[in-house]
Amino acid sequence: MKAIMYGAGNIGRGFIAERFYLSGYETVFIDVNAQMVDAINEAREYPIYVTMGSEYVPTQIKNVRAVNGRDEAAAIAEIATADIMATALGANILPFVAPLMAKAITARKKENGKPLNILICENLIGSDKFLHDLVAPHIAAEDMEYFENSIGFVSVVVGRTVPPTPAEFSAKHPAAVCADVYSELPANPVGFRPVGCELPPIKGLVTFTPFEYYIERKLLIHNMGHAMTAYLAVLKNYSYVHEGTDDAEIKYFVMRALIEAARGLAKRHGASCDECVRFAEELVPRFENRLLMDALDRVGRDPKRKVAASDRLGGAFKMVKESGAIPAYIGIGIAAAYLYRNEADATSVELTDYVKANGLAAALAKYSDITDEKDAEMIGTFYNMLARRAPFAEFLPVLAEILRTEH
């Protein structure tokens, strides 16, 4: 069996390829990073250092090779003969690879006519429709029936954390990765083709319906808490996520925000509140994993996207509001995101410059679709307190007063 891993980045090498290897597939990476392609082809294996915070447990991922994504003919030939495929490129890269994927699908129809399911491992709600709609315009009319009935676009949720590789490991092998131990790979069953087909034999693959619950659990609880930790930790001049989580004040704010989001998610989907809260509580020890050395600039990257109403912070705020509760602690996270400035991150510069020129309320309306005057006032209060580094004790009576109106 052959699996295509489109994208040899950290998630591709550190999680999805591992699932393929453990399930008996040969994994063929497609990537434009020539150095990574060469490193994979030279060794035909690489190590994953899995950790839960106390030690690294190395595992060798074998039966791998790679082709350069700029070699269009080679990439098309590999996809045309694969048994399963996954993408882990980043949603912003998918439009650039969609034409090549369409050519590969057309070639596959001519060569063998077999179905192909594509696991879309991107942090994006609606990733299945998004990628389908990118590829579809490049499919000829005579191939459209095959495309719709035999090519599956399957949303999956990547819950494993795979930060940049520590230098000590990459020095030993350029393709080495470091990851936490989480190994479940939830997938949306409605995306598989042909309809009613058996699921591919992939270790850790589990299906859920309705799948939106699991997408939002990852994005609006896990990713929200991760990002909020980063933005608050930057304000205290920390460098890594675990340093922020070790800070009792940050941990308090983030834990309360996680519980706000968990309750909101349970109400939105009619799920067990206890189950959602338990998921939220289990995240904190993962954030505390110091061996991951998860840098704040990585986790906080692109705050413009993360404060949006469709993404982790803005989306969690909106979800809790819809439930009838007050997302006060999530509001602290949003305030911290609007304070985040990294000169190497264009969107953080854009956000902070916009706030300086137009005010926070205007920025909240423009970037987060937060237009309610009371919501903007609440977040503005937290913004000003964080900006002047108000002591933790000063937040507590403010929060108590805000949340008193919730009951």
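This is a predicted model: local features need pLDDT of at least 70, side-chain atom pairs count only at pLDDT 80 or more; totals for chains, interfaces and linings use all residues.

Colleague: Okay. How many cavities of 30 Å³ or more turn up in the whole structure?

Modeller: The search finds four. The largest cavity holds about 100 Å³ of space.

Colleague: Which residues line the largest cavity?

Modeller: Among them are Glu 122, Asn 123, Leu 124 and Ile 125. Val 156, Val 157 and Val 158 are in the lining too, along with Ile 215, Lys 218 and Leu 219. By class, the lining has seven nonpolar, three polar and two charged residues.

Colleague: Which helix gives the largest share of that lining?

Modeller: Helix α8, residues 212-235, with three residues.

Colleague: And how much space lies in the second largest cavity?

Modeller: About 80 Å³. Its lining includes Val 157, Tyr 182, Lys 218, Phe 279 and Arg 286. Two elements give two or more residues each to this lining, α8 and α11 (273-287). The most come from α8, with four residues.

Colleague: New topic: salt bridges. How many are there?

Modeller: The count comes to 25. One of them joins Glu 18 and Arg 160, with the closest N and O atoms 2.9 Å apart. Glu 18 sits in helix α1 (residues 10-22), while Arg 160 is in the loop between β8 (151-155) and α7 (167-170). The two are 142 residues apart in the chain.

Colleague: Are Glu 18 and Arg 160 buried or exposed?

Modeller: Both are buried.

Colleague: What does Glu 249 pair with?

Modeller: Lys 236, at 2.7 Å between the closest N and O atoms. Glu 249 is in helix α10 (residues 248-269), and Lys 236 is in the loop between α8 and α9 (241-246).

Colleague: What about Arg 341 and Glu 343?

Modeller: Their side chains meet in a salt bridge, 2.7 Å from N to O. Arg 341 is partly exposed at 36%. Glu 343 is exposed at 60%.

Colleague: Last one: which residues form a network of salt bridges?

Modeller: Lys 2, Glu 26, Arg 65 and Glu 78 are linked that way.

Note on methods. Residues are numbered from 1 along each chain as its sequence is written. Side-chain values use heavy atoms; hydrogens and water are left out. On a 1 Å grid over the protein atoms alone, a cavity is a set of points where a 1.4 Å probe fits but cannot get out, and a pocket is an open set with protein on both sides within 12 Å along at least five of seven lines; lining residues have an atom within 4 Å of a point. Grid points are joined across faces, edges and corners, and a volume is the space filled by probe spheres set on the points. Ala, Val, Leu, Ile, Met, Phe, Trp, Tyr, Cys and Pro count as nonpolar, Asp, Glu, Lys and Arg as charged, and the others, Gly among them, as polar. A salt bridge is a side-chain nitrogen of Lys or Arg within 4 Å of a carboxyl oxygen of Asp or Glu. Buried means under 20% relative accessible area, exposed over 50%, partly exposed in between (1.4 Å probe, protein chains only).
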